[in-house]
Amino acid sequence: MASTAHNQDSGDLVTLVCSGSDPDEKPDDIVDEIIISTAEIDRWDLPSVLTHKVIKIEASSHRLIEESSYFRGLLGGSFSESRLSSISIHWNGESFVNVLMVVFGFDVEISSDNFIPLNEAALFFGVDSLLCKCRVWLEEVTSFRGIQSPQLCLDGLVHIWKYGLEHVEYVAANDFILQLCTSYLAMNFMWALSFNSYTDVPDKLLYSCIQHPDLTVDSEKHLCEAILVFLNANTAKSEGLSNSDLCDKIRTSLLPLWYTLGKRRCSFFSKFADKATSTILSLARYPSTNSTDVFRGGDSSQLRIRLTKYTHKVDVSSCPQITAGLFLLSVLPSCETDSMLRKIIKKDSMNNGNIGESSFQISDAVCQNLSFEAVQELDISNCPSLSLESAIDCFCKLFPSLRTLRAAYYLNFKIRKLRQLVQKLPLLANIDLSLDIKPVIPAQVSIAVSSSVLIPESSTALSYTSKPLVSNIIRLTLEGRTDLSDSDLRIISEVCRSLSYVNIKGCTSVTDHGISEMILKCKRLKSILACDTSFGNGSVVAFSSGISTETEQSENNLQLMAFKLLTLHVGGCHGITGKILSELMSRADSLKSLCVRDLKLVDDALYRFSGVSLEMLDVSNTEVSFAALSRIIRRNPDLKSLKTRGCIHLLRQESETKERKLFNPLYTPEEIYSELGKSCKLEEIELGWGFSFFSLEALKPAMRTLRTLLVGLGGSLGPDGLKLLPAICPLLETLILFFQVISDSAITDIINTLPHLQSLALCYCLGDISPLSFKFRMPNLRNLKLERVTPWMTNGELATLAENCANLVKLSLIGCTLLDYEAQAIISSGWPGLTSLHLEECGKITANGVRSLLDCHALEDLVLRHTGPGIPRNFITHATSKLPMLRKISLDICDSREADFDVPSFVDRCFLSTVKIARCNLRKNTLDFHHVEAHRTPVHKETLIMVWNSNKLVTTVVKERV
């Protein structure tokens, strides 16, 4: 703090009497006052001074005249006050004292709490130095983004903006306040959405923010949702702006298809959603024609992704309208001075063929002005019209600092291109190239016949140089890629030497040898997710390689990869033997996440595990005992996720091995759950055998933070347990019940008292529930499964369900035998934004064909089985032409109008990756002797499964219904 101690001449002194801001207030008989001097300003005890009602300050009139226009006019002019030795000041004491401190060369601390009174005092007393300090402070705090600026919260920002608005008409000096506040909110819009008070932002501020050139959002969906939330919360409040004023600013052509379709039922957004849906579908079906129209029209604003110099993340996932050409178009400058740049890029695009289908050779000179250095994360998942290989040339120039690329569901991208990908984007550290887990997992099905056909190679390829490659990849997700081979793993080992996390779940083509080689080469690997692969003893040994004797093990244990292992998911990997797994677990002390579902002999492995940091444990469908499980629970108080569904041995408590005898097995299930309740704060739990209502009581303390609950076969909540759930688990988001006893009152309590519930599944449950269970609104519900629990459901009750659960994106109905063809229109109009629809044994829904269901244009997964024999032979090809997002389809020959279905060719399949066609035999009902021909029950025989990957089409016939 700067000090300017002045030698004050007594003739130069004036006494300033600050007595509050109300000049009409009557003085007390005994005045509480204090006398201080600016000569001793460095010794002022402000907290003590400000406790007095009247503050008298002796100050140099010369200094006041020099620093304040107010005192310059008062003391240096012809006013009578210039001859007085005392001047009354009616102003807030703290603000006035701070003004004097600045006048006499001392710093004051400015915050969002005192900015307004200080700025107001500086304006009134004409202290330019304080005005400058206020402006500098506001410029500094608004130059930071989001959580980097703890000095300014949303409420404080709005308060300051309102102050600037109230005074801007007669104080031009406050213009900067409105500009800085609006700019700050625009740059940090995603940050503002995290505040509960977001909906209290004034209309005018929000409107100015949305119009601001620096408006920064992760995606257009985030902006649209923010506006709709604001409008819903402020339906009765208006400041001269209509709903359309805000909705008009949304670039609806950049919204995800499922989201746009879902908003067609929104009263004040329906017309925008209808128009956007038409545009998106048109662009998705005919990309080259409509893209050219956009160029020719000259107005591409609706297709311009919001990119600013502050953009950190770009999310265009689930947008079938996005192509490489449209992505490039979206980042073009819109001003007239850049028209030449538009022509150059247009020419480059047209010379390379149709927009969206070819690679773009964009010169460095052109892209130099289009680079967004701040972008570090890009999500282009589930964009069927976007060729990943074609787009990478564009991305590497637009986003040179990209570190995270999420590109899920790009079936045609070959892993051998990974080398070129990381060379084009050298800063990439996190890549997600996952696909759907394919239904044919050899250990889970009985394969009758299997064949494959190679897919012709595409001519599109990434260009690259052969210079040495240095990769920064530390996280790689390849889940579901059945085309991943051992040779691809070798490429990964060479390119990604810094790899610490790899997800190869469901990659059924890799071998144990290939996985072990990758582990040996990637020395920094700490997390591996390899469920349902050939991960076996060789891969386990690779984590403990180089250790032969006990002495060596003791000396080098800290160097073992096993000791540093954080995540090990090997569920369904039946190539691992119990002894080898136990050896690995004895060394994996740092494990935080462990999945050994569907494996045998896991008890000994759990006994050998000595770690205390476990946060997730999945032992579903294993022979784990309560003794082994309780040991893990006792030693790992940070456990947040526990999955024990299908563990029938939890009902037993015998001690069978030497290790088990070392542990006291005499624990009842309730005691174990009580231990879990005392030591852990769970977020997810899946239970089955051994779980009861009494277990729920014991678990109460641990379930206050629970978000996901699944109770399966062998578990029993009972009606009383269901009624307790809302009180025990108030934050519950997902509830899945199999084979439970349910009732109307229990389901009603759940619906009415769990406001965060997003996913509800009632499967094969018993009890008496009726349409009354679903008479209440569930606006937050996104996923609903009603399987064998609503046989009474008619078209009318389905319509009521659609009205009350208006925001579903996934729906599964099994056993609703009273539904008919009209149910199609109810589903498509009630839930137009569905991405997954599963209808099985649902009456005669498809008896007259499939029409209205295809109006759910965003469907990605469609299952129609035993819903009526009216589906045409060419339905699969027809559905892919109508549903641009469709990846998976499952049908039954029983529903075919012509007893068969045509299989699409490689070209006609569009985005489709999995086709399942079930076949049944008709079995006579042997109990009906009078109507043998009229009662023939379809019994499943086999399922034809067709799976495409980047290399080939694999056709498999399995005995199971999958």
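Ala802 touches Arg265, Gly830 and Trp831, where residues up to four places away in sequence are not counted and contact means heavy atoms within 4.5 Å. The model is a predicted one, in which local features need pLDDT of at least 70 and side-chain atom pairs count only at pLDDT 80 or more, while totals for chains, interfaces and linings use all residues. Residues are numbered from 1 along each chain as its sequence is written, and side-chain values use heavy atoms, with hydrogens and water left out.

Ala802 is found in helix H34, which covers residues 795-804; helices (H or I, at least four residues) and strands (E, at least two) are DSSP runs, numbered from the N terminus. With a relative accessible area of 4%, Ala802 is buried, a word that stands for under 20% relative accessible area, as against exposed for over 50% and partly exposed in between (1.4 Å probe, protein chains only). Ala802 and Ile827 are 25 residues apart in sequence, and their C-alpha atoms are 7.3 Å apart in space.

Strand S25 (residues 836-840) has four of its five residues buried, so S25 is largely enclosed by the rest of the structure. From strand S24 the chain crosses through helix H35 (residues 823-830) to S25, and this β-α-β crossover is right-handed, which is to say that, with the strands pointing away from the viewer, the path from the first strand over the helix to the second runs clockwise.

Elsewhere, an open sheet of four strands has the order S2-S3-S1-S4, with mixed pairing. Strands S2 (33-37) and S4 (86-89) stand at its edges, each with a single partner strand, so one side of each is left without a neighbour in the sheet. From one strand to the next the twist averages 20°. Helix H4 (residues 93-103) packs on this sheet, touching strand S1 (13-18), S3 and S4, and its direction makes about 155° with that of S1; axes are lines fitted to C-alpha atoms, for helices over the stretch in contact, and angles run from 0 to 180 degrees between N-to-C directions.

| Strands | Sense | Bridges |
|---|---|---|
| S2 and S3 (residues 54-60) | parallel | five bridges |
| S24 (residues 810-814) and S25 | parallel | five bridges |
| S25 and S26 (residues 861-865) | parallel | five bridges |

Individual bridge partners can also be named: Glu33 has Val54 as its partner in S3, Lys810 has Ser836 in S25, and Glu840 has Arg865 in S26.

Definitions and conventions. Two strands pair if DSSP finds at least two bridges between them.
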